[in-house]
Amino acid sequence: RELGVDLSKVSGTGPRGRVQKDDVNNYVKSALKAGPAAAASGAGIPQVPAVDFSQFGEIETVAMSKIAKLTAANMQRNWLNVPHVTQFDDADITELEAFRKTLKDEAEKRGVRVTPVAFLIKALATSLQANPEFNRSLAGDGEHYIQKHYCHIGMAVDTPRGLVVPVIKDADQKGIWDISAEIATLAASARDGKLKPSDMQGGCFTLSSLGAIGGNGFTPIVNSPEVGILGVSKSQIKPMWNGTEFAPRLMLPLALSYDHRVINGGDAGRFMTHLVKLLSDIRYLAL
C-alpha cells in the first residue's frame with residue numbers, strides 16, 4: 001500500500017503463493033527498470049519490431065529534435081487516452097475573402113498582414129462563448145470537469161525545428177487587427193525558436209490550418225487536456241446550389257475532432273453549425 005503496488009500483479013514466492021515483502025520489493029525494482037521501455041511502447045501496447053533497413057539499401061540514422069520527440073510523445077499519449085470523434089463540414093467563405101481583400105490598404109498602413117487564420121481564431125473564440133462545452137477540460141479524477149471562463153486559442157505552427165502551438169490569449173476580447181498582429185509576432189518567434197514556455201501554455205482550443213499547404217481534409221488529434229481541435233484544409237471554388245442555379249462559391253473544408261468523454265455528438269453539431277454560420281457571414285461576429 002505504501003509503495004502503490006497492485007498485489008494482483010505480484011507473483012508470490014511464499015507458502016501457497018503468498019506474497020512476501022521481498023516479492024513486493026523485487027516487483028518495484030523490476031517496474032522501475034522497465035519504466036522507460038514501457039512508456040515508450042505506449043501503455044502496454046506491443047512495440048513494432050525493429051527492422052534492419054540497411055538490408056534493403058543505403059540508409060542514414062538521424063536524431064530527432066527535442067521538439068519532434070516531445071510532439072511524438074504528446075501525440076501518442078493523446079491518441080491513446082482520448083476517445084476521438086471527428087466531424088466534417090464546409091464553410092462558404094466567399095464573402096469573408098472578399099471583405100479580407102478590401103482590408104489590404106489599411107493593413108499596409110498598420111504594418112499588419114490579415115490572413116484567414118485571424119478570422120478563424122475570432123470565429124472559434126465566439127463559438128466557444130456560445131458553446132461552453134468546448135471550453136472545458138476533464139478533471140484528473142475523471143468525475144468532474146473544469147469549466148474555463150477565459151478564452152485562449154492555440155494555433156499550430158510548422159517550424160524547421162518541429163511543430164509548436166503558441167497561444168492567442170483572450171482571443172474573445174480582441175479584434176481582427178489585434179489578432180493578426182499577434183499571429184505575426186508569435187509565428188515569427190516560433191520560426192526563430194524564441195517562443196517562451198508561457199507563450200505555449202493555457203490553450204482552451206487549438207486551430208491546425210493546412211490551407212496554405214493543401215489537401216482536402218485530415219483528422220487532427222485533440223491536444224489534451226483541451227477537448228477540441230479544428231483542422232482546416234485548402235479552400236476551393238465549388239458549384240453550390242443557391243435555390244435557382246449553381247453558383248461558384250469559395251468553400252473551406254473543416255474537420256472538428258473532439259474528446260467524446262466530455263463532448264457528445266449534439267454538442268459538436270451545434271458548435272460546428274455555429275462556426276460555419278460565423279465564417280459564412282462575418283457580420284454575426286459583431287453581435
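Student: How many salt bridges does the count come to here?
Tutor: The count comes to nine salt bridges. Keep in mind that this is a predicted model.

Student: Okay, let's pick one. Which residue does Glu-95 meet in a salt bridge?
Tutor: That would be Arg-249, with the side chains meeting at 3.4 Å, N to O. The pair links distant parts of the chain, 154 residues apart. Glu-95 is in helix H3, residues 94-102, while Arg-249 belongs to strand S11, residues 246-259.

Student: Nice. Why does Glu-95 count as partly exposed?
Tutor: Its relative accessibility is 45%, and partly exposed covers what lies between under 20% for buried and over 50% for exposed. So Glu-95 falls in that middle class.

Student: And what about Arg-249, at what relative accessibility does that one sit?
Tutor: Arg-249 is at 23%, so it counts as partly exposed as well.

Student: Let's move to helix H4. How far apart in the helix are Glu-106 and Arg-110?
Tutor: They are four residues apart in helix H4, which spans residues 104-110, so about one helical turn separates them.

Student: What are the accessibility values for Glu-106 and Arg-110?
Tutor: Glu-106 has 31% relative accessibility and counts as partly exposed. Arg-110 is at 44%, which also makes it partly exposed.

Student: Which residue does Asp-281 form a salt bridge with?
Tutor: Asp-281 pairs with Arg-283, and the closest N and O atoms are 2.8 Å apart.

Student: Is Arg-283 buried or exposed?
Tutor: Arg-283 counts as exposed, because its relative accessibility is 64%.

Student: Changing topic: where is Asp-89?
Tutor: Asp-89 is in strand S1, residues 84-92. With a relative accessibility of 34%, Asp-89 counts as partly exposed.

Student: What is Asp-89 in contact with, leaving aside neighbours within four places in sequence?
Tutor: The contacts of Asp-89 are Leu-252, Pro-253 and Leu-254, together with Met-272 and Val-276.

Conventions: Residues are numbered from 1 along each chain as its sequence is written. This is a predicted model: local features need pLDDT of at least 70, side-chain atom pairs count only at pLDDT 80 or more; totals for chains, interfaces and linings use all residues. Side-chain values use heavy atoms; hydrogens and water are left out. A salt bridge is a side-chain nitrogen of Lys or Arg within 4 Å of a carboxyl oxygen of Asp or Glu. Helices (H or I, at least four residues) and strands (E, at least two) are DSSP runs, numbered from the N terminus. Buried means under 20% relative accessible area, exposed over 50%, partly exposed in between (1.4 Å probe, protein chains only). Contact means heavy atoms within 4.5 Å.
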